[in-house]
Amino acid sequence: MATSPSISGTSSISTLLRRDGILHLGAARVKRFELKQSLSTWRAIRSSAVARASSGELAVAGNRIVEKGRDEGKVLKVGLICGGPSAERGISLNSARSVLDHLQGDDLQVSCYYIDCNLDAHAISSAQVYSNTPADFDFKLESLAQSFPTLADLAEHLAAVVDIVFPVIHGRFGEDGGIQELLEKYNVPFVGTGSSDCRQAFDKYKASSELRKHGFVTVPSFLVEGYETNRHELSEWFKKHQLDPDVGKVVVKPTRGGSSIGVTVAYGVTDSLVKANEIMSEGIDDKVLVEIFLEGGKEFTAIVLDVGSSSDSCPVALLPTEVELQFFGANDLKENDAIFNYRRKYLPTQQVAYHTPPRFPLDVIENIRKGASVLFQRLCLQDFARIDGWFLPDSGCKLSSSENEFGRSESGTIIFTDINMISGMEQTSFLFQQASKVFLDVSASHFL
């Protein structure tokens, strides 16, 4: 196999960007391709502002807004919803702070809402968004927040007082279609993918099955449902994929858990079932996937932005980021099987290094971006998403795919594994890392 060319030089990056027109996109489609465009919320927000401020009626199809007029002086009312019941609640608060920092302007009015771990909804001040931890939020709710009796009351309130909702709830209720279904029921326009498509993409087992139908290479997996999983069937699955039933290395993860929560490495059938049962016992999910461990794989993630019009999807993937786990010293030898879990993704650590663009061959980077954009369209995603996967320079694994497989190349194999409908948006997130490489302006003074 040929040595991978370096792409650290500016000329190589520019070549990649110009090849599919993303630099042209920034100049031709919009005068300033800023953070608002990078989040893709701003396209939806502008459309909503035009529609709501019109002298005619506001027409909503799903969460899409049809323009019927224009009033340039109209103040746009945005509802920012954060929190949620998942373990990613703290990350949601970080994302909300970042979004709020950049939703500033005389023609914008932002109202903030918080959903706690019990799915109780509250209207909060923008100042309260900057509370340090979820515990701070919960402590201050009784004295500082306006609580809603039910989620339906929240939805009715939003329908009456805001033009569009920006949900930044990660994981359960935020990415699984929960908040989207609620907003759809009350005809509240919102940013992001609709409820039914969220449900399909958030469930890793369903999403993998759908990807296979569309010709993408996927990782072989076994679905564990409940505590009484047939040990014999799992043992046969191990043998089918040339894994030792006693010590074969696999990844065990919840089917509907975001940001690597509950993901762990297991060895053999017995260990796999023990760890699957732990995930279910902890209430993370009642369905668990056992997947082949991708030896020698290099993990990546790509932000995809839909920069088309409300009626014409045009997803563009930014330069992906390679995630490299780093360990130092003899004490870290046991970490050779470590994975990019929730702690390494969001908490301070010296065990992770990020490379944007990734240290992959140019054709692999192009295929990642192309595949992520195609996947975005095939799964009917909207506005923005983060798509994670693996590049295997030389795979000895038998990977599932259809006849017309996407992801195979002379340089190796590309596999998309996880779809995040609402990516983390804090200042150190992949969104900001990748946006900076294509010169997207994140200056607050240039919004709107």
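User: Taking the contacts in the protein with a separation of 6 or more, what percentage comes from residues 24 or more positions apart?

Analyst: Those residues account for 72% of them. One thing to keep in mind from the start: this is a predicted model.

User: What is the protein built from, in helices and strands?

Analyst: There are 15 helices and 18 strands. Of the 448 residues, 55% count as buried. The accessible surface comes to about 19500 Å², and 47% of that belongs to carbon and sulfur atoms.

User: Why does A207 count as buried?

Analyst: The cut-off for buried is under 20% relative accessible area. A207 has 5% relative accessibility, so it counts as buried. You'll find A207 in helix α10, residues 204-213.

User: Which residues does A207 touch, if you skip those up to four places away in sequence?

Analyst: Q200, A201 and I419. There's also T417: it sits 210 residues from A207 in sequence, yet the two C-alpha atoms are 8.5 Å apart in space.

User: What makes K204 and D418 a salt bridge?

Analyst: The rule asks for a side-chain nitrogen of Lys or Arg within 4 Å of a carboxyl oxygen of Asp or Glu. For K204 and D418 the closest N and O atoms are 3.7 Å apart, so the pair passes the 4 Å limit. K204 belongs to helix α10 and D418 to strand β18, so this pair ties together parts that are 214 residues apart in sequence.

User: Are those two ends buried or exposed, K204 and D418?

Analyst: K204 comes in at 12% relative accessibility, so it counts as buried. D418 has 17%, so it counts as buried too. Salt bridges with shared partners also join K204, K253, E291 and D418 into one network. By the same rule, the count comes to 15 salt bridges.

User: How many of the residues of strand β18 are buried?

Analyst: 9 of its 9, which is how β18 (residues 412-420) gets called mostly covered.

User: How do you know that β16 and β18 pair?

Analyst: Pairing needs at least two bridges between the strands. There are 7 between β16 (residues 384-392) and β18, and the two run antiparallel. As an example, W390 stands opposite I415 in β18. Strand β17 (residues 408-409) is joined to β18 by 2 bridges, again antiparallel, with R408 and T413 as bridge partners. A hairpin of 2 residues links β17 to β18.

User: Why are β6 and β7 said to stand at the edges?

Analyst: Their sheet is an open one of 5 strands, ordered β6-β5-β4-β3-β7, with mixed pairing. β6 (146-147) and β7 (164-167) each have a single partner strand, so one side of each lacks a neighbour in the sheet. For β6, strand β5 (residues 121-124) pairs with it over 2 bridges in the antiparallel sense, and A123 stands opposite Q146.

User: Which strands does helix α5 lie across?

Analyst: β3, β4 and β7, and it runs at about 155° to β3. Helix α5 has 14 residues, 12 of them buried, so by that count it is mostly covered. Among the buried ones are I91, L93, V99 and L100.

User: Why are K239 and E236 separated by about one helical turn?

Analyst: They are 3 residues apart in helix α11 (residues 231-240), so the gap is about one turn.

Note on methods:
Residues are numbered from 1 along each chain as its sequence is written. This is a predicted model: local features need pLDDT of at least 70, side-chain atom pairs count only at pLDDT 80 or more; totals for chains, interfaces and linings use all residues. Side-chain values use heavy atoms; hydrogens and water are left out. Buried means under 20% relative accessible area, exposed over 50%, partly exposed in between (1.4 Å probe, protein chains only). Helices (H or I, at least four residues) and strands (E, at least two) are DSSP runs, numbered from the N terminus. Contact means heavy atoms within 4.5 Å. Axes are lines fitted to C-alpha atoms, for helices over the stretch in contact, and angles run from 0 to 180 degrees between N-to-C directions. Accessible areas come from the Shrake-Rupley method with a 1.4 Å probe; for residues, only the protein chains shown count as cover.
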